[in-house]
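Q: I have a model open here and would like to go through it with you, a piece at a time. Could we begin with a helix and then move on to other parts?

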Amino acid sequence: MDNLPQELINEILLWLPVRSLLRFRCVCRSFCAITESQSFINSHFKRSSENRINHKLIELGEHRTDNGIQTIHALDFNDDFQQELVLDKLFPSGSFHLFFSCCNGLVLLWIDKLSLWNPSTREYRILPAFPVEHIQTQNLSFALGYDSTTDDFKAVVIISKQFDSPQVWVFELRSSRWRRIQDFPFVGYNCIKPGGNGDCFVDGALHFICYGKPYIIVAFDVEKETFSLVHEAVQQTEGLPYRLHVFGGCLSVSVWNLTIKGRIDMYVRKKDGVAFTWTRLYFVTRQQFSEKTFYCFVDGRIAYSKEGDKVFLSSNGKLCSYDFKEKSLQEIVTINTKNLDLFSYTESLVSLGS
């Protein structure tokens with residue numbers, strides 16, 4: 001290794017998974033210095049995201065060890081989902097878990113308190129006490145974004161109140177403090193996640209579906225900390241569920257029109273010059289449903305293949321893929337857990353400083 005140029009060593013390390021890089025930190029001081037540098041951490045995540053490597057699905061189910069400790073598992077994209085990895089046993093037995101948001105390899109979740117977790121490094125950090133007292137969790141909407149101008153993560157909390165304008169609070173990871181910013185400007189709309197509907201971080205902004213008349217899509221610019229409306233993808237129909245995703249690095253909306261047309265449509269927003277346009281992708285139809293309960297990953301990034309030609313869905317403990325070109329549905333693997341829910345993430349070396 002002493003004879004290899006430093007640039008080549010860096011290039012080799014950028015292609016490796018987080019688990020290997022963590023082990024290599026014990027090999028020599030130079031490896032440790034390289035992999036702990038902020039420039040390498042950012043470059044490694046960028047390489048993994050662009051080439052869709054080091055990509056995994058977290059599965060949330062009733063996994064318990066012999067001593068009763070609840071565990072969280074992951075499936076590896078690069079191993080055709082056959083390899084099941086135990087991510088963590090560090091959470092206290094009986095603790096209450098809620099997964100809210102995933103951004104750049106970090107997960108915002110509730111482990112008895114609001115916390116940040118890096119499933120790749122097994123590091124987690126309990127955030128300081130929320131500055132507003134006597135607020136029920138069900139009245140809060142949580143999201144996690146990344147500010148590229150300051151190289152910092154921001155957790156955003158929106159407090160929905162019946163008569164007052166919703167309050168908005170921001171937590172900065174680097175300064176470890178909460179700040180109250182402008183109130184949520186769209187009064188009368190509920191931005192609490194209904195039925196597990198997730199926020200999406202894309203194009204430097206967090207996106208929410210807010211229900212009211214019947215819904216709007218709202219973007220929160222993480223750098224400027226301002227809200228704006230997003231032009232809707234499709235004419236709204238009362239009673240239809242709409243869900244947000246990130247597909248191929250673009251904001252997308254899926255419309256669950258199962259009763260009338262018996263299908264799920266996805267609309268993908270792409271930039272056309274200075275404007276954005278929506279394109280419709282046909283999705284799963286009723287004839288392809290093998291189970292009564294069928295849903296796609298709704299939190300954070302939608303799970304899709306490296307080539308971008310397939311999207312992955314879960315159904316009653318089964319992982320399936322839908323091929324856009326062939327318009328076919330195929331079962332990949334059965335997962336032995338109850339109450340299955342999944343979301344995808346890309347491995348990251350980001351440190352939480354805990």
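Predicted model: local features only at pLDDT ≥ 70, side-chain atom pairs only at ≥ 80, totals over all residues.

Q: Let's go back to the start of the chain. Which residues of helix 1 are buried?
A: In helix 1, which runs over residues 6–14, the buried residues are I9, L13 and L14. They cover an arc of only 135° around the axis, which puts them on the same side of helix 1.

Q: What covers them?
A: The cover over the buried residues of helix 1 includes helix 2 (18–24), helix 3 (29–36) and helix 4.

Q: Which residues are buried in helix 3?
A: There the buried residues are F31, I34 and T35. Their arc around the axis is only 90°, which puts them on the same side of helix 3. What covers these buried residues of helix 3 includes helix 1, helix 2 and helix 4.

Q: Stepping back, how many helices and strands are there in the protein?
A: The protein has four helices and 24 strands. It has 354 residues, of which 53% count as buried, and among contacts with a separation of 6 or more, 48% are between residues 24 or more positions apart.

Q: Which residues have the most contacts inside the largest nonpolar core?
A: Those are L114 and F220, in a core of 51 residues. Strand 9, residues 152–159, gives the most to this core, with six residues.

Q: What does F220 touch, leaving out residues up to four places away in sequence?
A: F220 touches V156, V170, I181, G204, A205, L206, F208, E225, T226 and F227. Apart from that core there is a second, separate one of 17 residues, which includes I217, V246, L251 and V255.

Q: New topic: where is W278, and is that residue buried or exposed?
A: W278 is found in strand 19, residues 275–285, and with a relative accessibility of 18% it counts as buried, because the cut-off for buried is under 20%.

Q: What does the side chain of W278 reach?
A: The side chain of W278 reaches the backbone oxygen of H231 at 3.1 Å. Not counting residues up to four places away in sequence, W278 touches several residues, including V230, E232, L251, V253 and R269. Y267 is also one of the residues that W278 touches, and although the two are eleven residues apart along the chain, their C-alpha atoms are separated by 6.0 Å.

Q: And D147, buried or exposed?
A: D147, which lies in strand 8 (residues 140–147), is buried, with a relative accessible area of 3%. The side chain of D147 makes a polar contact with the side chain of T150, at 3.3 Å, and D147 also touches D152, K154, V222 and E223, leaving aside residues up to four places away in sequence.

Q: Back to phi values: what is the phi of N104, and where does N104 lie?
A: The phi of N104 is near 50°, a positive value in a residue other than glycine, and N104 lies in the loop between strand 4 (97–103) and strand 5 (106–111). R122 is not a glycine either, yet has a positive phi of about 65°; R122 is found in the loop between strand 6 (113–118) and strand 7 (123–126), and at 27% relative accessibility it counts as partly exposed.

Q: Last one: where is confidence lowest, and where is it highest?
A: Confidence is lowest in strand 20 (residues 295–296), at a mean of 50, and highest in strand 11 (residues 177–180), at 94. Over residues 297–301 the pLDDT is below 50, and this stretch has 26 contacts in the model beyond near neighbours in sequence. For the protein, the mean pLDDT is 76, with 68% of residues reaching 70 or more.

Notes. Residues numbered from 1 in each chain as written. Heavy atoms only, no water. Helix = DSSP H or I, 4+ residues; strand = E, 2+ residues; numbered from the N terminus. Buried < 20%, exposed > 50% of the residue type's maximum accessible area, 1.4 Å probe, protein only. Polar contact = N/O pair within 3.5 Å; in protein donor to acceptor, adjacent residues only side chain to side chain. Contact = heavy atoms within 4.5 Å. pLDDT = per-residue confidence, 0-100. Core = buried A, V, L, I, M, F, W, Y, C linked by side-chain atoms within 4.5 Å. Arc of directions from axis to C-beta.
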